[in-house]
Amino acid sequence: MRKILLLILILYFPFTYSQTTDPEISLSFSNKELPDILAEIETKTNFQFFFEDDWFGVAKYSGEYSQTKVTEVLEGILEETNINYFIRGNRIILTRGSIIYDRLPEGFLENQEETTVAVEETQSADPVFYNDNEEQTEVVETVLIGKEDRQSGRSTYKLSGRVISEKGDPISGLNILIPNQNKGTITDIDGNYEIRLPKGINILETQALGVDKVKKRLVVYNDGVLNLQLEESFEELGEVLVEANARDNVRTALTGVERIDVAQIKNIPLVLGERDILKVATTLPGISTAGEAASGYNVRGGKTDQNLILLDEGVIYNPTHFFGIFSGLNPFTTGDVSIYKGSIPAEFGGRLSSVFDLNTKTGNKEKFAGEVSIGPVTGNVSLQIPIVEGKSSLIVGGRGTYSDWILNLLEEESLQGSQASFYDAVAKYNHKFDNNDELNVSGYYSDDVYSITSDSLFSYRNRMVSLSYNKFFNEKHKGELVITNSNYDFNLDYESDFGNDFESGYTINESEVKLKMKYFHSKAHTFNYGINGKYYMVSPGQINPGSSESLIEQLSIPKERAVETAVYIEDSFEVTEKLLINAGLRYSFYTAFGPAQINTYEEGLPRNDNTTTGVENYENGEVIETYGGPEVRVSGRYFLTPTFSTKLSYNNTYQYIHTLSNNTTAAPTDTYKLSDSYIKPQRANQFALGLFKNFDENIYELSLEGYYKTSDNLLDYKIGADLFLNENIETEVLQGEGEAYGAEFLIRKNKGRLNGYLGYTYSRSFIKLAGDSQEETVNNGEFFPTNFDKPHDFSAVLNYKLTQRFSFSANFVYQTGRPVTYPIGKYNFNNSEYVLYSDRNQFRIPNYYRLDLSFNVEGNHKIEKFAHSFWNISVYNVLGRNNPYSVFFVTDGGEVKAYQSSIFSIPIPTITYNFRF
Amino acid sequence: MKLLLKYKNTLILFAIIATLSSCVEEIPLESEGFEDVIVIEGTITNELKQHQIKLSQAFAIDTAGPNPLSGANIKVTGNSEYIFEETEPGIYISRDSFAAQTGVNYQLNILTNGEEYESAPMQLPGTSSIGELEANRIDYRGENGVAITLNNHTSNGSAIYYRYEYIETFKFNANYFKVNDLILVDGEPVEVPKQKEEYTCYRSNDSQEILLATTNSLSEDRVNDLLIKFIPSDDPSLSNRYSLLVKQFVISRDAYAYYEILKELSGSDNLFSQSQPGFFAGNISNINDPEEKVIGYFDISSVSTKRTYFNYEDFYDPESIRPRFVSFARCEETLPDISTLISQIEQNLVRWSSTTPSGGIQVVPRSCVDCTVFGTNEKPEFWED
């Protein structure tokens, strides 16, 4: 056994140098490295320094001392380092981190030669003694953290740092594990991490897919910084991993959380070669869409308006392009995505079903970097630009279609005058003032324009700006102030040969201020608390004549205004090592205020034009209606074994904003309506229970979750409701109860040649619309399946690496067909046949299945190459399955005809090329 | 107010997708259970006439209709009671002529199979007359043709909602004018001079679509350039002289809403987002069982009609080849052997075309010569040349 006594333990200095004199010197230096400065001191005194050059790095110092004691000079120049010093005679011994102690712990030096010279005894906290006598089977670098401070009585210290790749990109979602302490953390989106470690020796390991595993031995003396630069391993190729942090599966208290590491989705074959974060999300259990061209996502049986989609804290109202075929979020600038479909942390509110929390990457602060992607539908460029080296950076991303161009090449007559194009742009500026203060400013804009018939033009836009200021007050307390503004608007313009041209539009705008605080009370308690306030302003619709000949009358539906505020507090309470409870309470409060004119209706009768009794006027700022209530967010985790946990959660949520849509699937023309005196806020309760197990050192992850959800005041509509430009929406809406339940099973394999995941969900979603009259009742007032009720949903995403550069990926989806309303008969009316509809959603379109394949080629990894390239050759819907999107019935030429439409009915091959530099 | 556009042509789609893959295909109708539902059609107008109420029943989706409902007792009460009598199965005509009066509540009452149905009381809305019908040759959604548009001026400010029906009548010619006919005399084909008019015919079609207009969202109460009918240039109805009779109904707001929903749910709509279909009630219900589904609307409306004519030469070069029901390519002369000819004459499949110098009889398909295949050779009473 090799035994090394690393530290020669002598005596600590400031209190202790004794016999030696401390001469005064005058010294002046600028931009010099430490060894040079020390050499200068040596020439001016008869001291001699003992140290190793490589301790100091390349940091340069400047200073001026006049008739100053050598010890003061040393303290000055060594203050920023982790170097301690000790003076013995005319020798000054520099040590890294260690304070030189006068005494060893009992038994420490048994069987070892004692070389200690005790000089003076001091009282201090338990010193760190580092006995490197373990048998070494691997070479582990030892890193000293912090300078030992004898005054400190603390038992744990903060280790923080940033992890970047060799290219300088932050590595987020990296597991930082301290196996000896059974502790761990993950790096955030910017690659930063922070963990509290006990004094002394700790082994640190990093784990993540796509990056090399690193193991370091830390000797912790004090708070310190450990920045790591990890090499991206070749494993990166072909990992289709969606979740970066394996241990979260079993460790956190939250149920129903999905994380998507956006960098890893590039191999997943997608339609028309567009990398699409939200489409990848739908391969996970519990998240689905009504169909390939349906805008919006249904999470655990919830409606599409029940998802809070946040990009850098700002709400994106319509994150899709072209009817939902593409998502509007840039995959090259988005760093990570967390989707909360079960437990929703108390800081979020305002939507019933889920929170999609997307964060833009922080730009590289060291060097310029970029990425370009060229696909058949869009081109995409993202750039990372350092502004002030090491302090601030900008990331910008832009994407646009060339479809208009392709459209113009086609000589198809029916497409004359049609157009379709979209683009989106995102930018984020990050400025780090110091370790405690950080500013982020983000902006997002998307724009879609299309016309399907030559006389109409439809366009919509999202705009979002957010500003966040992060501050560490002290090591226990940090806060973030966020200000956001989001805007969504669409225009529908009509221009024909027959006059009455018009331009119409809709706008919703919201501004929000959030204060989010985090308080690390103790090992057992971490508190999150905060307050937020949101101001909504909706212009529900206006229409203007499109030309001077048009007789269309200018009309503007009065604006709606409301304020939604909330306070919350949440405690993450580690009751025992096994039991973790996350208990949160949010209180939200909503006020709709004037000016407004609101119709009143006869009591007890269905609201329609015939039951109007009058109009109530509300002054500017006058309160029309208030709603509010407590929202409980509780979840708990209990470790059955260290890799097997069970979780339980209960949530209730309020939602004060509703989409108006009389379509079976969501569309960009759906408008948002604020709760008012007639339309009550939607409410939901969700119970979830889950079992989580990791196998083989987190290579396999298994989860099984069940949920039961009830909701109230879900908005639905009378058949044929006119919702746009309607001043009395309350006459067209119904509110009903919802019920949803399901079981979600997911198994992932996180490593190896073959990796990926399989998910299966059994879920049901029902709604009940039982009004007082026939027109307010659907299906006799009984529960019936919602438009997106798809009981069986199976997804597999698999990747197989052939070599380090070549891989295959496959994506398979099977879903029960969605319910549609099918006619029960025909009748003759007005010289034509029409179909008779009865109960809603009693029939299903055929089941959906699809297989996509892709072949990925990674450019070679030669460092001197300017750009790193990546080819993706994919075929969407390889089986050519004609999956029906909808079934509909048309009276054409007096006869009823049934049609089935599908969006992608044949295999679609695409090639995309991507390179980054 | 319905402003959201209806994307009529479902095949037009996002270009790339359209060309690559998207598809809309017709599928067979399958019966998914059936409910017996009564269908009531009745509009009483301000015309003095015997009004008509139609009763029928819904039928299974995979069967053919109509399914008239006979044996009902129908009356409309207004100033007095008007009794309706069944003249054909499901068609009930008022015994007396009457015209709807303003300010009177009219109510429909039907007794059938022991059930009693009653409409809401309805009143005659305002009146309005059709100002002008105009025909113009235009390009409409990528197609060239003749559009007939309507303008009106409201004489009474309470007319806001309109429904239109039309009857188109057109004069047309067969592809060829032939002077002789072939008949069989003792089993032998014999050439005789043409016995009836087969070259010039007339045909009428009733409108089948739901045509609605409202001036609710307009600054003036007038219907402006409403497209009633668009006829593509290759349609044979344009080939000679065309006439359109437009009937304008001023209807109630609720009737307008009813027809609009019917139209929306039966249209092809937007491919990507389909309107939620379902049952929607009109203004008639079973008085003993208000939950029973009843289809139809009983409306009182004021009527105005107008007819317009135009000729082929008004919009097209008279020398150009006019559109026909049968393409000329399918009208080639043949020289059948005698037995084939005899059977063709027996089955009325061919017409005489020419006789060869050697006496051979050349024929063309009947539809190339006989216009009564597509219409009638009787000139309608109203027709003005």
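1. Strands β41 (residues 644-655) and β44 (residues 682-695) of chain A run antiparallel and are joined by 12 bridges. Strands here are DSSP runs of E with at least two residues, and helices are runs of H or I with at least four residues, both numbered from the N terminus. Two strands count as paired if DSSP finds at least two bridges between them. Within this pairing, A:N652 has A:N685 of β44(A) as its bridge partner. The model is predicted: local features need pLDDT of at least 70 and side-chain atom pairs count only at pLDDT 80 or more, while totals for chains, interfaces and linings use all residues. Residues are numbered from 1 along each chain as its sequence is written, and chains are lettered from A and ligands numbered from 1 in the order in which they are written.

2. β44(A) also pairs with strand β45 (residues 700-717) of chain A, antiparallel, over 13 bridges. A:K693 is placed opposite A:L702 in β45(A). Four residues lie between the strands of this hairpin, and A:D696 has a positive phi near 45°.

3. Which residues of β44(A) point to the buried face? They are A:Q682, A:A684, A:Q686, A:A688, A:G690, A:F692 and A:N694.

4. Strands β33 (residues 502-520) and β34 (residues 525-545) of chain A are antiparallel and share 18 bridges. The hairpin that connects β33(A) to β34(A) has four residues. A:G505 stands opposite A:Q542 of β34(A), and A:Q542 stands opposite A:S556 in β35(A). Strand β35 (residues 555-556) of chain A is antiparallel to β34(A), with two bridges.

5. One open sheet of chain A has five strands in the order β8-β14-β13-β10-β11, with mixed pairing. Its edge strands, β8 (141-145) and β11 (183-186), each pair on one side only. From one strand to the next the twist averages 25°. Inside this sheet, β13 (residues 200-207) and β14 (residues 214-220) of chain A form an antiparallel pair with seven bridges, in which A:I201 is partnered by A:V219.

6. Another open sheet of five strands in chain A runs β17-β24-β25-β20-β21, also with mixed pairing. The edges are β17 (257-261) and β21 (314-315), each pairing on one side only. β20 (residues 307-311) and β21(A) are antiparallel with two bridges, and A:L310 has A:V315 as its bridge partner.

7. In chain B, helix α2 (residues 253-266) has 14 residues and should span 20 Å at 1.5 Å a residue; its end C-alpha atoms are 20 Å apart, which agrees. The expected span is 1.5 Å times one less than the number of residues. Of its 14 residues, 10 are buried, including B:Y256, B:Y258, B:Y259 and B:E264. The elements covering the buried residues of α2(B) include β53 (832-837) and β57 (886-892) of chain A, together with β11 (161-173) and β17 (241-251) of chain B.

Key. A residue is buried if 20 or more other C-beta atoms lie within 10 Å of its own, exposed if 12 or fewer, and partly exposed in between; C-beta atoms are placed from the backbone. Axes are lines fitted to C-alpha atoms, for helices over the stretch in contact, and angles run from 0 to 180 degrees between N-to-C directions. Two residues are in contact if their C-beta atoms, placed from the backbone, lie within 7 Å.
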